[in-house]
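Here's a quick look at the charged side-chain pairs in this model. Have the structure open while you read.

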Amino acid sequence: MPTQIYLVDSHCHLNFPELKDDLPGVIARAGDAGVKTLLTINTRLDQSTEIQDIADRFPGVYCTVGVHPHDAAEFNTGDLHDQLVALSKHPKVIGVGETGLDYHYNKSPRTDQIESFKTHIRTSIDLGLPLVIHTRDADQDTIDCLRPKVGAKGVFHCFSGDLALAKAALDLGFYISFSGIITFKKADALREIVRYTPLDRLLVETDSPFLAPIPHRGQPNQPAYTLVTALKVAEIKGVSLEHIAEATTRNFQGLFLVG
């Protein structure tokens, strides 16, 4: 690996058990792989303090505030907007989410998911912070929620949709983030979307501890493996790793307004 490489893991879950018990080691291995900035993602409001404490412990770690669609029903209260705003005041909160719609598992009723998603969109616009969007088997409703919201910005994380969804997301001005899924044997269609996505709208992530890339399948994923995904993007795009690292880091810093 080139010694001067600088990568960003734009989506990980450092408070999950597979990672939090060895955070110094996780952060050190990431740094050794050139992954210098990490965004640890909030999925439940009752985990916000824990996530913010992790971000405070490590200079290169930032965090978000939000409710995953799986948990939308539990936190879908009338003051959700106000809670998100209050929690966003922490100096290392740089995004809103992860939020969105998941019709694959339907762990929360779709009506609750949509209401929560719309609240997150409004909050992100009010705060000027980007959305971190999770969408699965809910393409049209996701786009329909976003399209009328002037000023909405953000990223479709761990993209696994089809080309139509990618085009719609890009048309709305959003970024697309790719994970280790692009290394999987049966991910040819997704690799085509990597090829299609303009380099100035592309991010990389791990979604760790989930979705470890080849050759680490079967192990907990970790931020250091952002390098594996970046190498695969470079291969697909036919450019150098250094070029991918520079572009994706610049994209992250421009979207999340961190230097």
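A salt bridge here is a side-chain nitrogen of Lys or Arg within 4 Å of a carboxyl oxygen of Asp or Glu. With that rule, a search of the whole structure turns up 10 salt bridges. The model is predicted, so local features need pLDDT of at least 70 and side-chain atom pairs count only at pLDDT 80 or more, while totals for chains, interfaces and linings use all residues. Residues are numbered from 1 along each chain as its sequence is written, and side-chain values use heavy atoms, with hydrogens and water left out.

| Pair | N to O distance |
|---|---|
| R29 and D22 | 3.2 Å |
| R147 and D144 | 3.8 Å |
| E235 and K232 | 3.2 Å |

Now for E235 and K232, which sit 3 residues apart in helix α10 (residues 226–237), and that puts about one helical turn between them. Helices are DSSP runs (H or I, at least four residues), numbered from the N terminus. Salt bridges that share partners also tie R44, D46, D71 and E74 into one network.

How open are these side chains? For the labels, buried means under 20% relative accessible area, exposed means over 50%, and partly exposed is in between (1.4 Å probe, protein chains only). E235 counts as exposed, at 55%.

How values were computed
Helix = DSSP H or I, 4+ residues; strand = E, 2+ residues; numbered from the N terminus.
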